Amino acid sequence: MNSKEILSQLPYTKPFLFVDDISRIDENGVEGTYTFDENLDFYKGHFKDNPITPGVILTEVMAQIGLVCLGIFLVNDVFNKNTSIALTSTDIEFLKPVYPNEKVTVISEKVYFRFGKLKCKVQMKNQKGESVCTGTIAGILRSSAKEDRTALE
Amino acid sequence: MNKEETIQELKAIVKPYIQNEEAFENLTEDTDFINDLKINSANLVDVILDIEEKYDIVIDNEAMEKMSNVKAALTIIETQLASK
């Protein structure tokens with residue numbers, strides 16, 4: 001499965017799609033980029049007259065590139081409308097602010113993918129190559145509807 | 001395999017993931033990981049991976065689905081250790 005196919009399978013759309021491009025992907029990890037458009041709605045309120053990308057959004061970017069893109073690649077053809085995905089845990093440190101119009105690169109390394117749970121070590125870098133956040137993110141990807149309910153209990 | 005010893009080892013493995021301290025303190029063979037200890041199903045995967053590492057065994061999907069309580073975990077560990 002190539003990068004284009006993975007992007008087309010992502011279950012997100014604007015204003016909540018946070019992946020522009022995947023530059024590298026294999027069974028052990030993924031690297032991708034996203035540029036924060038200055039017109040994104042949350043900048044109007046975070047913060048008042050002082051737009052800075054919220055940590056929850058940085059987390060979402062890391063999860064979409066680092067976990068969901070890699071997960072789609074790993075389950076390959078099995079990924080479809082019946083596949084349930086859910087974020088199950090995050091442990092992230094935020095090191096530097098990210099401003100509107102910045103382009104970030106997410107580098108994710110698989111820790112394990114077992115029993116439908118994907119856990120990754122994820123890092124986000126800015127254009128200067130500085131680490132802006134790092135941490136561990138995990139989620140569940142399951143295709144059977146019955147299993148999904150168990151997974152989300 | 002010494003059962004009491006293994007139960008104590010299992011207790012150490014599940015400790016970081018439990019949400020019900022009382023059920024944990026009173027853990028028996030019949031204690032259910034999800035319903036009693038309130039371990040969420042995503043963390044149950046970590047429990048199983050920790051069990052694999054501790055006993056150097058491999059737990060497959062079928063065994064994973066059966067591993068709902070302490071007794072089932074003991075049986076699976078015992079079976080896997082015996083087939084090594």
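Residues are numbered from 1 along each chain as its sequence is written, and chains are lettered from A in the order in which they are written. In this predicted model, local features need pLDDT of at least 70, side-chain atom pairs count only at pLDDT 80 or more, and totals for chains, interfaces and linings use all residues.

**View 1. The predicted complex and its confidence scores.**
The predictor gives the complex an ipTM of 0.88 and a pTM of 0.89. For chain B, the average pLDDT is 95. This score is the predictor's confidence in each residue, from 0 to 100. In chain B, 100% of the residues score at least 70.

**View 2. Chain A, with helices and strands.**
Chain A holds three helices and six strands. Both are DSSP runs, numbered from the N terminus: helices are H or I with at least four residues, strands are E with at least two. Along the sequence, the pattern of chain A is α-β-β-α-β-β-β-β-α. The C-alpha trace of chain A spans about 45 × 30 × 30 Å along its principal axes. Chain A has a radius of gyration of 15 Å, which agrees with the value near 15 Å for a compact globule of 153 residues. The radius is taken over C-alpha atoms, and the globule rule is 2.2 Å times the number of residues to the power 0.38. Of the 153 residues in chain A, 33% are buried. A residue is buried if 20 or more other C-beta atoms lie within 10 Å of its own, with C-beta atoms placed from the backbone. Among contacts in chain A with a separation of 6 or more, 68% come from residues 24 or more positions apart. Two residues are in contact if their C-beta atoms, placed from the backbone, lie within 7 Å.

**View 3. A hairpin in chain A.**
Strands β1 (residues 21-26) and β2 (residues 29-35) of chain A pair in the antiparallel sense over five bridges. Pairing requires that DSSP finds at least two bridges between two strands. Two residues sit between β1(A) and β2(A) in this hairpin. Which residue of β2(A) is the bridge partner of A:Arg24? The partner is A:Glu31.

**View 4. The surroundings of A:Leu118.**
A:Leu118 lies in strand β5 (residues 117-125) of chain A. Is A:Leu118 buried or exposed? A:Leu118 counts as buried, because it has 25 C-beta neighbours inside 10 Å. Leaving aside neighbours within four places in sequence, its contacts include A:Leu67, A:Leu70, A:Leu74, A:Phe113 and A:Leu141. A:Asp26 is 92 residues away along the chain, and its C-alpha atom is separated from that of A:Leu118 by 14 Å.

**View 5. Chain B, a chain of helices.**
Chain B has five helices and zero strands. Its radius of gyration is 12 Å, close to the 12 Å of the globule rule for 84 residues, so chain B is as compact as a globular protein of that length. Buried residues make up 25% of those 84 residues. The C-alpha trace of chain B spans about 35 × 25 × 20 Å along its principal axes. UniProt, in an unreviewed entry, places "domain: Carrier" at residues 1-81 of chain B. Such annotations may be inferred rather than shown by experiment. The end C-alpha atoms of residues 1-81 of chain B lie 9 Å apart.

**View 6. The contact between the chains.**
Seven residues from chain B and eleven residues from chain A make the contact. On the side of chain B that touches chain A, α3 (41-55) and α4 (61-66) each supply at least two residues. The largest share, five residues, comes from α3(B).

Conventions. Buried ≥ 20, exposed ≤ 12 C-beta atoms within 10 Å, placed from the backbone.
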